[in-house]
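User: I would like to go through this model with you, beginning with the ligand shell. Could you take my questions in turn?

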Amino acid sequence: MTENINLLRVLMNCAEKAANIARVCRSNEDLLALLVQEKTGAEANQRFEHDFKTLADVLIQETIRHEVGKLIPEMREAILGEESTHFTNKLGQEIVIAVGDTAVETAAGLEAVLDGHTKAAEALAAEVHRNVDYDSTLENIPDLPETLDYSNLGIWIDPIDATAEYISGDSIFTDFPGITSTGLDCVTVLIGVYERDSGVPIIGIVSQPFGQKLKENVYSSSLNWGVCLPTLKSHNCKSDSSERRANRKIGIFSTSEKAEILQHFLDLNYELAFSAGAGHKALKVICNEADIYLLSKGSTFRWDTCGPQAILRALGGDVLDYVASIKQQLPVPINYIDKSESDADWKRNSNGLIAVRDLAILNEILNKFAEN
Ligand code: 2IP
Ligand code: CA
């Protein structure tokens, strides 16, 4: 059944479908009204804003599960993300999101959840069921090895990373050193495939649904991908080797990173950039616009890192466990081996992270952090 299926192509189309859903929620008036409820409005409105964002996330996750499950049934149950299909909205009602066999069926289910917003439900369902063959617009997509054991693969998805940027949709501004700090550019769709027995990420996709502005309110995606298997290392990432990078060491950080951590980088002659979105910051390292993304806190999750990590591994870099790497003075990669559900926090990268494209730059950094 899965003989002629290329998982990389399937996931590229899934990422594009996710990007379409993310874009339509901002371009369709009815959906945008639900997404951006007046922040100062009634309490019920504020509750709905949160709920609609959850609904969009769950819907994208379910759409990807549906698409992958249709083509590769053995992976259906191994597709994981932040949300569950059953969630309780802020009014205490149980909500179930399901992708039906037809757009009409999906719309009917969504309409019930969206409290009679018929047009909004139909617009979403149309995107869920739209035929997407984005892969045919891309070049140099490799065949995956025939030996790939799909039953040993799991997927982590972040349907919309940098939610706050997505909801506020602030205008994009470019800050030093030419890296976008806030806005829709920081929004990413993150898909990562890992081997369940080894916990190692092997296929990654990072798509920016608002990566290319075509005209006012019209965007197309920028897609980066990577494959890192013993017999195949391949990627397609737009890399920035412009003048402004020559001989400059650049670190990218969360705006909430601790001052003492930033000071270590200043001591090592790094320039500091700040931006929103865990996926976006990792992407800046992938694209060689920054050398390192270090986060000392445990504020990211497996769905934030699995995809970017697979791409960085394909490029010769990795995403590391911050605490363990400093302690052992060695690069210790983040690992995705399935953990027991009894550990409530098992999905969190609780030790922080270090994302690099070139492992060789780590020596002085690990040293510096060990001294202090
Ligand atoms: C968030 C989002 C935030 C990031 C946080 C992620 O994911 O990417 O921007 O914080 O770590 O978990 P920061 O921007 O400070 O790096 P989501 O938006 O999906 O909750
Ligand atoms: Ca996220």
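Analyst: By class, four nonpolar, five polar and four charged residues make up the shell around ligand 1. Here Ala, Val, Leu, Ile, Met, Phe, Trp, Tyr, Cys and Pro count as nonpolar, Asp, Glu, Lys and Arg as charged, and the others, Gly among them, as polar. This is a predicted model, in which local features need pLDDT of at least 70 and side-chain atom pairs pLDDT 80 or more, while totals for chains, interfaces and linings use all residues. Residues are numbered from 1 along each chain as its sequence is written, chains are lettered from A and ligands numbered from 1 in the order in which they are written, and side-chain values use heavy atoms, without hydrogens and water.

User: Which residues are the closest to ligand 1?

Analyst: The closest are Asp161, Thr163, Ser254, Ala278 and Lys281, out of 13 residues that surround the ligand. A residue counts as near if one of its heavy atoms lies within 4 Å.

User: Which element gives the most to that shell?

Analyst: E4 does, with three residues.

User: What is 3.2 Å from an oxygen atom of ligand 1?

Analyst: A polar side-chain atom of aspartate 304. A polar backbone atom of serine 299 is 2.9 Å from an oxygen atom of the ligand. The protein covers 76% of the 450 Å² of accessible area that ligand 1 has on its own, by the Shrake-Rupley method with a 1.4 Å probe.

User: Turning to the metal, which residues coordinate the calcium ion?

Analyst: Asp158, Asp161 and Asp304 coordinate the calcium ion (ligand 2) through OD atoms, at 2.1 to 2.3 Å. Donors are N, O and S atoms within 2.8 Å of the metal (3.2 Å for Na, K and Ca); water is not among the atoms, so sites may look incomplete. Aspartate 158 lies in strand E4 (residues 153-161) and aspartate 304 in helix H9 (residues 302-314), so the pair ties together parts 146 residues apart in sequence. Helices (H or I, at least four residues) and strands (E, at least two) are DSSP runs, numbered from the N terminus.

User: Is aspartate 158 buried or exposed?

Analyst: Aspartate 158 is buried, as is aspartate 304. Buried means under 20% relative accessible area, exposed over 50%, and partly exposed in between (1.4 Å probe, protein chains only).

User: And how many aromatic pairs are there?

Analyst: The whole structure has 11 aromatic pairs. Rings of Phe, Tyr and Trp (its six-membered ring) pair if their centres lie within 6.5 Å; planes under 30 degrees apart count as stacked, over 60 as edge-to-face and the rest as tilted.

Terms used. Polar contact = N/O pair within 3.5 Å; in protein donor to acceptor, adjacent residues only side chain to side chain.
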